[in-house]
Amino acid sequence: MAKSPLLQRLNSPVFQIVLLGIVSLCGPGMFNALSGLGAGGSMSSNITLISSANGALYGCFAIVGFFAGTVTNTIGVKYTLTIGSSGYAIYSAALWVYDRKQVSGFVIAAGAILGCLAALFWSAQGAIMMSYPEEKDKGKFVGIFWALFNLGGILGSVIALGLNLQNSAGGVSTGTYTAFVVVMLIGIVASLMLASPSNVVRSDGTYVAITKASDWKTELKGVLHVWKEWRMIYLIPAFLASNWFYAYQFRVNAVYFDASTRALNGTMYWGLQIIGSILIGLLLDYQGMNRRSRGLLVLALMFLLLMAVWAGGFVFQLTFDNSYNNPIGWTHPNFGGPFVLFILYGLSDSIYQSYLYWLMGAMSNDPSLLARYAGFYKAVQSAGAAISYGIDAADIPLRWECLVCWALVFISFPLIAVVANNVSDTSEESPKAFNSESDNASFNEKTHIEKTHSFDA
């Protein structure tokens, strides 16, 4: 039976990516806004507590992330995404409780819970984002997702800015945390609206591959095989670097700026992320060059930009240290330079991570394998973040934190270049577009008999 045009549009990859972006806007996007305020939006004197919670978060994320692809392939992307989304609401609720009752243990415990659940969320997210689009659209789809995801950072920052415009205290109001929890709960509900992968049909008529159901033992073997993939091993320094700098950047925002200015900085930080992700997505999908050539060209441009930004950041960091206790507002005469630097940090982050997603997407079209890749990526990324937040909690001099961030990004580029140089023009292994109703029916029957529902939820 033919599907209605409306149902076909709702089951199209682009609509599913948009819906995925909305779910991420409400969950991790809002969480990023909260983190971007510095010290979880609380008083700068609470930096150590928030850094400890983030250390627990990313430590658990790193452990669970290695096995998150197994969970995704077993229970399905939709329900994995729903379970993962709940962690963000729990964490924001913990900050609300701390703001009212000063229960620090709950904040750290919520960080650990979020780490476990976020690992599941990002494995499912990566599988959807990298496997649903056609190969010629993978860069654009990363850009669309990243733009919507970072709208959450903007929305959260605007909420914080609006609720704290006249707030001269060091932390945001209690109502700010309430608003964040409400938006995150909306994201959990939205995740249930995602279509099953077996119902998603690309514009060229191909279906998303649905791999044969595996038991847990087989799935765990698949996780170990990721460690044998030389390209993933070469990308480990890049994965480590990709979230390492958050502890440093958000610490600077918490120390150097007052509450309302931190919210303004966060709004623009995530706004520049949207611009960066869309631009790099368009460049990576430019059809005037083969995939390898445009990958290497974009990598070279990215290297020049990131080195310039981090060089400027280190020069700025030399002007103050950890003992700085005179936060400035947007009316301060010295506001302009640090503000521009901070939002360029956001631009750099978006193009760096969008490129890594595109590169992994160029390595395969198999959703189950990409779920493992995404889990591996987020596990290593979170291990780096756990270490960096641990360093930040130990109150290491900020200039050394900045230098380590810069060095990690620099070291990652030669290894990324090796992987990009080995990108092929296609990873296509999925069925060709169907030529008739009978072909379609035949394929669906074969899928039902041979491939079942490991990724279908």
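Colleague: Leaving aside neighbours within four places in sequence, which residues is Tyr 352 in contact with?

Modeller: Bear in mind that this is a predicted model. Tyr 352 is in contact with Ala 238, Ala 241, Ser 242, Met 302, Leu 306, Val 409, Ser 412, Phe 413 and Ile 416, once neighbours within four places in sequence are left aside.

Colleague: And in the largest nonpolar core, which residues touch the most other members?

Modeller: Tyr 352 and Tyr 355 do, out of the 128 residues in that core. As a general point, nonpolar side chains tend to be buried together in soluble globular proteins.

Colleague: OK, zooming out. How many helices and strands are there in the chain?

Modeller: The chain has 16 helices and zero strands.

Colleague: What share of the chain counts as buried?

Modeller: 58% of the 457 residues count as buried. The accessible surface of the chain comes to about 17400 Å², and 67% of that belongs to carbon and sulfur atoms.

Colleague: And contacts between residues at least 6 apart in sequence, what percentage join residues at least 24 apart?

Modeller: That's 87% of them.

Colleague: Let's do helices. How far does H11 reach from its first C-alpha to its last?

Modeller: H11, residues 259-284, reaches 37 Å with its 26 residues, close to the 38 Å expected at 1.5 Å a residue.

Colleague: Is H11 largely enclosed or largely open?

Modeller: Largely enclosed by the rest of the structure, because 19 of its 26 residues are buried.

Colleague: What about H4, what's its reach?

Modeller: Also 37 Å from first C-alpha to last, for 25 residues (77-101), and close to the expected 36 Å. Just after H4, Gln 102 takes a positive phi of about 60°.

Colleague: Switching to the surface. Which residues make the nonpolar patch of about 540 Å²?

Modeller: Leu 224, Trp 227, Trp 230, Ile 233, Tyr 234 and Val 418 make that patch. Helix H9, residues 230-234, gives the most to the patch, with three residues.

Colleague: Where does Trp 227 lie?

Modeller: In the loop between helix H8 (216-226) and H9. Trp 227 is partly exposed, at a relative accessible area of 41%.

Colleague: Now charges. How many salt bridges does a search of the whole structure find?

Modeller: Five. One of the pairs is Glu 229 with Arg 231, where the closest N and O atoms are 2.9 Å apart. Glu 229 is buried, with a relative accessible area of 16%.

Colleague: Which residues are linked in a network of salt bridges?

Modeller: Lys 136, Asp 137, Lys 140 and Asp 285. Within that group, the side chains of Asp 137 and Lys 136 meet at 3.3 Å, N to O. Lys 140 also forms a salt bridge with Asp 137, with the closest N and O atoms 3.3 Å apart.

Colleague: Is Asp 137 buried or exposed?

Modeller: Asp 137 counts as buried, at 13% relative accessibility, so it falls under the 20% cut-off. Lys 136 is partly exposed at 40%, and Lys 140 is partly exposed too, with a relative accessible area of 31%.

Colleague: What's Arg 294 in contact with, leaving aside neighbours within four places in sequence?

Modeller: Leu 283, Leu 284, Asp 285, Tyr 286, Gln 287 and Met 289. Arg 294 has its place in helix H12, residues 291-317, and is buried, with a relative accessible area of 6%.

Colleague: How far apart in space are Arg 294 and Leu 283?

Modeller: They're 7.4 Å apart, C-alpha to C-alpha, and 11 residues apart in sequence.

Colleague: Last one, Ser 388. Which helix does Ser 388 lie in?

Modeller: Helix H14, residues 367-393. Ser 388 is buried, with a relative accessible area of 2%.

Colleague: And what is Ser 388 in contact with, leaving aside neighbours within four places in sequence?

Modeller: Asn 243, Trp 244 and Ala 247. Tyr 248 is 140 residues from Ser 388 in sequence, yet the two are 7.8 Å apart in space, C-alpha to C-alpha.

Note on methods. Residues numbered from 1 in each chain as written. Predicted model: local features only at pLDDT ≥ 70, side-chain atom pairs only at ≥ 80, totals over all residues. Heavy atoms only, no water. Core = buried A, V, L, I, M, F, W, Y, C linked by side-chain atoms within 4.5 Å. Buried < 20%, exposed > 50% of the residue type's maximum accessible area, 1.4 Å probe, protein only. Contact = heavy atoms within 4.5 Å. Patch = residues over 30% accessible without salt bridge, like charges linked within 9 Å, V, L, I, M, F, W, Y side chains within 5 Å. Areas by Shrake-Rupley, 256 points an atom, 1.4 Å probe, with all protein chains shown as cover. Salt bridge = Lys/Arg side-chain N within 4 Å of Asp/Glu carboxyl O. Helix = DSSP H or I, 4+ residues; strand = E, 2+ residues; numbered from the N terminus. Expected span 1.5 Å × (residues − 1).
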